[in-house]
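Hi everyone, thanks for coming. Please have a look at the model on the screen, and then I'll walk you through a few parts of it.

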Amino acid sequence: MPMPQEEVLDKVRETLVDALGVDEEEVTPEATLTGDLGAESIDFLDIVFRLEKAFSIKIPPGDLFPDNILNNPQFVENGKLTQAGLATLKQSMPHVDFSEFQADPDVNRMPELFKVQTIVNYVQNKVNG
Amino acid sequence: MRRRVVITGMGCVTPLGHDVNSTWEALLRGDSGMAPVTIFNASTFPASFCAEVKNFQLPQPLAAGGKHQHAGRHTRFTLAAAMEAWQASGLGESGHFDPDRTGMYLGSGEGSLDFDNFTSLLVDAWAGNRLNTVRWGELAFGRMNVHRETEQEGNMVVAHLAAEFGLRGPAFNSLTACAASTQAVGEASLLIRRGDAEAMLSGGAHSMIHPYGVTGFTRLTALSTRNDQMQTASRPFDMTRDGFVLGEGASILILEEYELARRRGAKMLAEVIGYGSSADAFRITDQDPQGEGAAAGMRAALADAGVGIDQIDYISAHGTSTAQNDSVETMGIKAVFGQRAYQVPVSSMKGSIGHLIAAAGATEMITCVLALRDQVIPPTANYRVPDPECDLDYVPNQPRKAKLETVMSNSFGFGGQNDTLIIRRI
């Protein structure tokens with residue numbers, strides 16, 4: 001039986017409260033992990049670790065959060081993602097909503113792509129196949 | 001003329017209380033911080049009691065916002081101690097606070113390991129007589145906690161303080177065992193004297209009350225095993241002493257350049273006038289039996305302060321309640337002070353509070369400042385049976401009113417590390 005979205009959100013919220021020390025009310029679907037919830041680099045490792053445990057899933061490196069796309073000169077030019085970079089990201093990360101970002105694919109704006117909803121989408125794809 | 005360094009704020013979290021006043025009052029009453037270990041089940045350990053910080057939670061606003069969500073136990077103590085000291089000093093709100101010229105020098109011990117996960121990995125990857133690193137690799141990355149790995153580094157307490165208070169000045173941490181936070185206060189003072197900073201958060205933090213820490217001290221036979229008399233187990237300078245009682249905690253002092261404190265009208269609590277550091281040049285776990293290393297540190301501090309032995313009104317001893325430390329320290333004091341040693345009161349607060357390891361020296365420095373403020377010497381608790389090798393005036397069991405202008409504080413650590421500070425009333 002597929003896991004309903006509400007249940008996924010509840011468990012993701014619980015995970016983020018433990019990982020980031022934020023209040024439950026702050027963890028809304030639209031909250032960004034870096035900007036709104038104060039996550040730093042080590043927290044992304046911790047979040048992946050906790051999600052694997054909470055949902056009994058395996059999350060390969062670079063699957064939920066991108067790991068080294070910014071190191072590829074074909075994908076980044078003048079501080080912006082190239083069309084090739086954007087296409088690669090979109091293909092490998094169907095859980096991320098790129099609709100606003102693609103108008104101005106500034107790499108500094110990439111953290112805004114990762115919201116609570118992004119994690120919920122990812123986990124849903126994963127557990128519900 | 002050299003720059004002067006004053007203390008303008010203090011804070012602590014100790015086995016006797018969660019702030020300066022409650023700790024000081026408990027010390028003067030001769031309360032005991034000792035109780036059975038609750039952090040883990042130590043019922044089969046030779047010493048099943050210790051001096052834990054009790055019922056501690058990170059106070060608001062430090063707990064809000066998740067900045068310190070994964071901070072180690074000793075870091076949490078330090079944040080609370082630093083908040084108390086910082087607010088008492090008033091520096092942050094004074095209009096004279098320069099973040100780039102305000103630094104940190106702590107004597108903070110290492111954090112605790114990710115002990116349970118580490119142990120379970122060893123069990124699962126153990127191949128009879130050696131570690132199977134292939135199996136380890138299959139398991140470790142999914143099991144070890146990334147935060148615990150980072151937070152156990154020695155400089156992490158400094159990092160949390162910097163982030164909390166917005167301090168961008170010099171950032172140091174000394175890891176010189178039980179002498180660490182006395183050394184930190186001394187070195188922080190030197191930074192201000194040199195002009196490298198105009199204010200420093202200094203002090204120390206440590207918590208070794210975990211299976212690994214207690215095992216280490218047990219193997220060294222350093223701990224008192226008087227489980228049936230835990231309240232009186234720590235008895236510095238007493239003939240029947242059988243080891244120290246492991247404590248934990250954090251203490252922070254705000255050090256400022258005198259002119260800054262004067263300009264902003266800060267309340268000056270005491271002046272740091274002398275600091276000496278020395279090595280025993282002897283053995284790792286034995287002190288120089290003549291106390292020559294300890295004496296060298298005390299002499300260096302006196303020379304730095306430019307005061308003679310006649311001007312020292314009180315000595316806050318390292319006084320751990322181990323057979324060796326207390327007699328060697330006594331010998332060191334006699335080597336420096338000669339006949340004067342018999343006239344200077346010497347006391348150790350470890351009878352009440354236990355041994356806070358890296359945090360011990362800074363906690364004792366706070367009590368020295370309070371001794372100057374209140375003109376009272378805190379007692380050596382649980383002193384009953386005189387030891388012919390320890391024949392000084394140890395201020396037994398009762399606080400004593402005294403005229404105090406200048407006091408000395410000693411800290412010694414494994415490896416033969418000796419540090420001494422001298423402060424003066426201002």
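**Domains, a helix pair and a chain contact**

Let's begin with chain B: the C-alpha centres of its domain 1 and domain 2 lie 37 Å apart. Domain 1 of chain B covers 7-112 + 152-424, and domain 2 covers 115-147; such bounds come from an automatic or database domain assignment.

A word on the source: this is a predicted model, where local features need pLDDT of at least 70 and side-chain atom pairs count only at pLDDT 80 or more, while totals for chains, interfaces and linings use all residues. Residues are numbered from 1 along each chain as its sequence is written, and chains are lettered from A and ligands numbered from 1 in the order in which they are written.

Now, at what angle do the axes of helices H2 and H6 of chain B cross? The axes of H2(B), residues 73-89, and H6(B), residues 156-165, come within 10 Å and cross at roughly 40 degrees. (Helices are DSSP runs of H or I, at least four residues, numbered from the N terminus; axes are lines fitted to C-alpha atoms, for helices over the stretch in contact, and angles run from 0 to 180 degrees between N-to-C directions.)

Finally, the two chains: nine residues of chain A are in contact with seven residues of chain B, contact meaning C-beta atoms, placed from the backbone, within 7 Å. On the chain A side, helix H2(A), residues 41-55, gives the largest share, five residues. By class, that side of chain A has five nonpolar, two polar and two charged residues. (Ala, Val, Leu, Ile, Met, Phe, Trp, Tyr, Cys and Pro count as nonpolar, Asp, Glu, Lys and Arg as charged, and the others, Gly among them, as polar.)

Back in chain B, the contact of H2(B) with H6(B) includes Trp86(B) of H2(B) and Phe165(B) of H6(B).

How values were computed. Helix = DSSP H or I, 4+ residues; strand = E, 2+ residues; numbered from the N terminus.
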